[in-house]
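Reader: I'm new to reading protein models. Could you walk me through this one with a few questions and answers?

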Amino acid sequence: MRMRFFATTAMTVCLATAGGQAYAEELTLLVDNSPDTVAIAEALTAAYTQSNPDVTFTVEARPGGSEGDNIVKTRLTTGEMTDVFLYNSGSLLQALRPSRTLEPLNDLPNIGNVMESFTSTVSDDDGNIYGVPVQAAMGGGILYHIPTYEELGLEIPKTWDAFMANNAIIAEKTDKAPIIQTYRETWTSQLFVLADYYNVQMAEPDFAEKYTANEAKYADTPAAKKGFERLQAAYESGYFNEDFGAATYNDGLRMVATGEGVHYPMLTFAIAAIQQNHPEQLKDVGFFAQPGDNADENGLTVWMPAAYYVPKGGDHTDIALDFVNFVATPEACEIMTEAVGASGPYLIKGCTLPDDVPPSVADMLPYFEGDGRNAPALEFLSPVKGPGLEQITVEVGSGIRDADSAAELYDRDVEKQAKQLRLPNW
Amino acid sequence: MQMKSPYPYWFVAPAAVIFTVLFLVPTAASFWFSLTNWDLFGFQFIGLENFIDFFSEPFLIKGLTNTIIFAVLTSGAKTVLGLLLAVLLTSGLFGQGLLRSIVFFPVLVSTIGVGILFAEMMHPTHGAINVALGYIGIDGPGWLTNPKLALYSIALVDIWRGVGLATLIYIAGLAAIGNEYYEAARIDGATRLQLFWRVTVPLVRPATTTVVILSLIGGLRLFDLIWAMTRGGPGFSSDVLASVIYKQYQAGFYGLSTAGNVILFALIALIIAPLAWWFNRKELDL
């Protein structure tokens, strides 16, 4: 009697599950909680459901930053990961051990659409590709207030000296802050150093390789140390906003949008935030690459966007792969532009931008045309990035530490990361 | 002479299981993981390398001195202020009950809330404190942005937040002192100051022990207030051991941060154990 009860229940359960699978599939997608990534996830999944009515998605949001990192790592190791998830490309991805935890995407029909410059940041040593880019490439450089430039008749600086000369004019003729710094949110302090990488690569083309192999250091490579020196020079000039130590990222965006400040070193993803917070002033904000020593070699340091990944061993791997395949199409780019506006060039071949992009985006596009005056940021070329950089750059930017000792300290900081990844030669 | 317990051993089994699963196993596990390179996907035994790395951490010495400065400063201030406030609030003052509640109120507020609120009030240009100072013609400092000042500003907030608890313990301690001691001293012609130094302070020693040890432990492992106010900044200037450990954890160096926790555990034990022994010995002398 009891046996039969069990057998019947088991059969009913089996039938129910099998029947369910044949008609409707419910997938999950984990993204970070910033409004634009959520909006994009919802738009993309809705479009996919429209052409595949039997598949529906639930979008889950998680915090960003290192808290989010821990959530992703924990869910991956415990097998609780969603069918598709969003995560960084570049050095952070390597910490997920992609070859052990993620499905390779090399066999997807559309994987050829993804630009080589991106796939190299989501691959392992054996050439397996793991991610499909979501959103556009970003530039690291300097956001500036266009009306102030027009009023004072300033030109876009191509060298660091020209940049400082502009700052001197702004300081003399206006009461605006020439350079905006916002150290309440420490990550914003790293830009002068990280966005200088195009200049480093022009001077030392094999720096990233040697750096990963523990053969080159910030402290003994003059071109690399220059980022710290520029930050120090910026602090010593006294051109910062008065409350730089306590201002927040949102304060910085407000200052550059309204013209309280004129230059804000930042990544171009801030354009989306300006669009949210100060839509009226979006047309007043322009962008240029961080100037270096030589006007002829001026170029942009580029950050790669995050990507969608499919974990190994999920219940709906085939559908998840098909969804990711759909994201690697020009159609998906259109959906993203429609959802959150254009923030930069896409990394999918065949994607186009609308004609009326904000000036900051238009300023960024020339760096991607022709022979490409751009280079990826170091974190996309080397897995070695120290966790303490943002504190060190706050110290340099607040006059607590000088560039020489900062570069040395950072070299010691990255050792921990390299050891954790068990890189050879560290 | 120990009495044989009237209960059979299996009476303690449920408690023993809970204690083992929730306390013994994690403690043993953390000692083990502090000896590994651990990234959640796997671990590798690396001996004492984490401890070597942790001790060669450039900000460790700074974090360590800050921890000790912070703990001694806040613990000392809470003890002295707590005793004085307790004496004041047991002296039959008008509205005594209300005043006691007011002193205790900050203890009930969430630490993170206190931290965020004070960080805003200590903003160098538009914070309430410097704006108020501006009215009387004082140019207030960057409370949290001046690297020389940040740790002390946080300490001030921590004292404000914690003094209520110290006061409460002292009020209980004072209530336990019999009135006859004061009467006897008064008959001998003691002044009020003498009453305080010769009667109150020695007899309130058990409360002092509790306040000093609790606030010292609290100060040594304080994290939430510092994280909410400065995140150890500017730079590393208000880093304490707990925030250094947390940053290692955030960076995904789980083995290294576990080693840091073992070190913090050892440090607290090394400071508190002799202190507790010293206090207890004094108590016997009385």
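Author: Happy to! Let's begin with a term: rings of Phe, Tyr and Trp (its six-membered ring) pair if their centres lie within 6.5 Å. Please keep in mind that this is a predicted model.

Reader: How many aromatic pairs does the structure hold over all chains?

Author: Each pair has to meet the cut-off of 6.5 Å between ring centres. Counted over all chains, the number of aromatic pairs is 42.

Reader: How are the rings of B:W32 and B:F43 arranged?

Author: A pair of aromatic rings is described by the distance of the centres and the angle of the planes. For B:W32 and B:F43, the centres are 6.2 Å apart and the planes stand at 85°. Planes over 60 degrees apart count as edge-to-face, so this pair of B:W32 and B:F43 is edge-to-face.

Reader: Which parts of chain B does the pair of B:W32 and B:F43 tie together?

Author: The two residues belong to parts that are 11 residues apart in sequence. B:W32 lies in helix α1 (residues 13–33) and B:F43 in strand β2 (residues 43–45), so the parts tied together are helix α1 and strand β2 of chain B.

Reader: Is B:F33 buried or exposed?

Author: B:F33 also pairs with B:F43, with ring centres 5.2 Å apart and planes at 90°. The cut-off for buried is under 20% relative accessible area. B:F43 has 44% and is partly exposed, whereas B:F33 has 17%, so B:F33 is buried.

Reader: In the largest nonpolar core, which residues touch the most other members?

Author: This core has 137 residues. The residues that touch the most other members are A:F85, A:F228, A:Y308 and A:F323.

Reader: About how much area do chain A and chain B bury between them?

Author: The size of an interface is often given as the accessible area lost when the parts come together. Here the contact takes 30 residues from chain A and 35 residues from chain B. Of the area buried, 56% is on carbon and sulfur atoms, and the total is about 2,800 Å².

Reader: Which residue of chain B forms a salt bridge with A:K419?

Author: Side chains of opposite charge can pair when their charged atoms come close. Between chain A and chain B the count is one salt bridge. Its closest N and O atoms are 3.0 Å apart, and the partner of A:K419 is B:D53.

Reader: How many residues apart in sequence are the parts that B:K78 and B:D158 tie together?

Author: B:K78 and B:D158 form a salt bridge, with the closest N and O atoms 3.1 Å apart. B:K78 is buried at 9% relative accessible area, and B:D158 counts as buried at 2%. B:K78 lies in helix α3 (residues 60–89) and B:D158 in helix α7 (residues 150–175) of chain B, so the separation of these parts is 80 residues.

Reader: Which helix holds both B:R161 and B:D158?

Author: B:R161 forms a salt bridge with B:D158, the closest N and O atoms being 2.8 Å apart. The two are three residues apart, about one turn of the helix, and both lie in helix α7 of chain B.

Note on methods: Residues numbered from 1 in each chain as written. Chains lettered and ligands numbered in written order. Predicted model: local features only at pLDDT ≥ 70, side-chain atom pairs only at ≥ 80, totals over all residues. Heavy atoms only, no water. Core = buried A, V, L, I, M, F, W, Y, C linked by side-chain atoms within 4.5 Å. Buried < 20%, exposed > 50% of the residue type's maximum accessible area, 1.4 Å probe, protein only. Phe/Tyr/Trp six-rings, centres within 6.5 Å; stacked < 30°, edge-to-face > 60°. Helix = DSSP H or I, 4+ residues; strand = E, 2+ residues; numbered from the N terminus. Contact = heavy atoms within 4.5 Å. Buried area = accessible area lost by both parts, 1.4 Å probe. Salt bridge = Lys/Arg side-chain N within 4 Å of Asp/Glu carboxyl O.
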